[in-house]
Amino acid sequence: MKIMVKAKGDDGEKDIAFAIHLPLALIKSNFVWNQIASKTQDDNQPSTIPGKEIYRFLKSYIKENGHFTLVDVDTKDAKVKIVI
């Protein structure tokens, strides 16, 4: 998984550009799912799918079809792209 960010700096500041490479296995972590659950306090939230099942599905999908872009946001000031 790769997160890429490019942002234009304000007047007189440098542009910001970085990429973070994260292992796909991070999705299996309970810490990640606990953080997501703590940020979403919605009572109507459906039961969550275990991270291990999501990891297995994504791993097999990538093996068959290759990597894909999950998020691609492009504005006049910044560009954010998440590739799995």
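**Layout and surface of the chain**

Visitor: How many helices and strands does the chain have?
Guide: The chain has 2 helices and 4 strands. Please bear in mind that this is a predicted model.

Visitor: What share of the residues is buried?
Guide: Of the 84 residues in the chain, 12% are buried. The chain exposes about 6900 Å², and carbon and sulfur atoms supply 55% of that area.

Visitor: What about contacts between residues at least 24 apart?
Guide: Such pairs account for 41% of the contacts between residues at least 6 apart in sequence.

Visitor: Let us turn to charge. Which residues form the negative surface patch?
Guide: Asp-10, Asp-11, Glu-13 and Asp-77 form the negative patch. One of them, Asp-11, sits in the loop between β1 (2–7) and β2 (16–21).

Visitor: Is Asp-11 buried or exposed?
Guide: Asp-11 counts as exposed, because its relative accessibility is 82% and the cut-off for exposed is over 50%.

Visitor: Which residues make the positive patch?
Guide: The patch of positive charge on the surface gathers Lys-28, Lys-52, Arg-56, Lys-59 and Lys-63.

Visitor: Where is Lys-28?
Guide: Lys-28 lies in the loop between β2 and α1 (30–39). Its relative accessible area is 34%, so Lys-28 is classed as partly exposed.

Visitor: What does Lys-28 contact, leaving aside its neighbours within four places in sequence?
Guide: With those neighbours left aside, Lys-28 is in contact with Gly-51, Lys-52 and Tyr-55. Lys-52 is also a member of the positive patch, together with Lys-28.

Visitor: Which other residue could we look at in the loop between β2 and α1?
Guide: Leu-24 has its place there. Leu-24 counts as buried, because its relative accessibility is 12% and the cut-off for buried is under 20%.

Visitor: What does Leu-24 touch, not counting residues up to four places away in sequence?
Guide: Leu-24 touches Tyr-55, Leu-58, Lys-59, Ile-62 and Ile-84. Tyr-55 is also in contact with Lys-28, and Lys-59 belongs to the positive patch.

Visitor: How far apart are Leu-24 and Lys-59?
Guide: They are 35 residues apart in sequence, and the C-alpha to C-alpha separation of Leu-24 and Lys-59 is 8.1 Å.

Visitor: One last topic, the nonpolar surface. Which residues make a patch there?
Guide: Ile-16, Phe-18 and Ile-20 make a nonpolar surface patch of about 260 Å².

Visitor: Where is Ile-20 placed, and what is its relative accessible area?
Guide: Ile-20 is in strand β2. Its relative accessible area is 36%, so Ile-20 is partly exposed.

Notes: Residues are numbered from 1 along each chain as its sequence is written. This is a predicted model: local features need pLDDT of at least 70, side-chain atom pairs count only at pLDDT 80 or more; totals for chains, interfaces and linings use all residues. Side-chain values use heavy atoms; hydrogens and water are left out. Buried means under 20% relative accessible area, exposed over 50%, partly exposed in between (1.4 Å probe, protein chains only). Contact means heavy atoms within 4.5 Å. Accessible areas come from the Shrake-Rupley method with a 1.4 Å probe; for residues, only the protein chains shown count as cover. Patches are made of residues with over 30% relative accessible area and no salt bridge: like charges are joined within 9 Å, nonpolar side chains (Val, Leu, Ile, Met, Phe, Trp, Tyr) within 5 Å. A salt bridge is a side-chain nitrogen of Lys or Arg within 4 Å of a carboxyl oxygen of Asp or Glu. Lys and Arg count as positive and Asp and Glu as negative; His and the chain ends are not counted. The place of a charge is taken as NZ of Lys, CZ of Arg, CG of Asp or CD of Glu.
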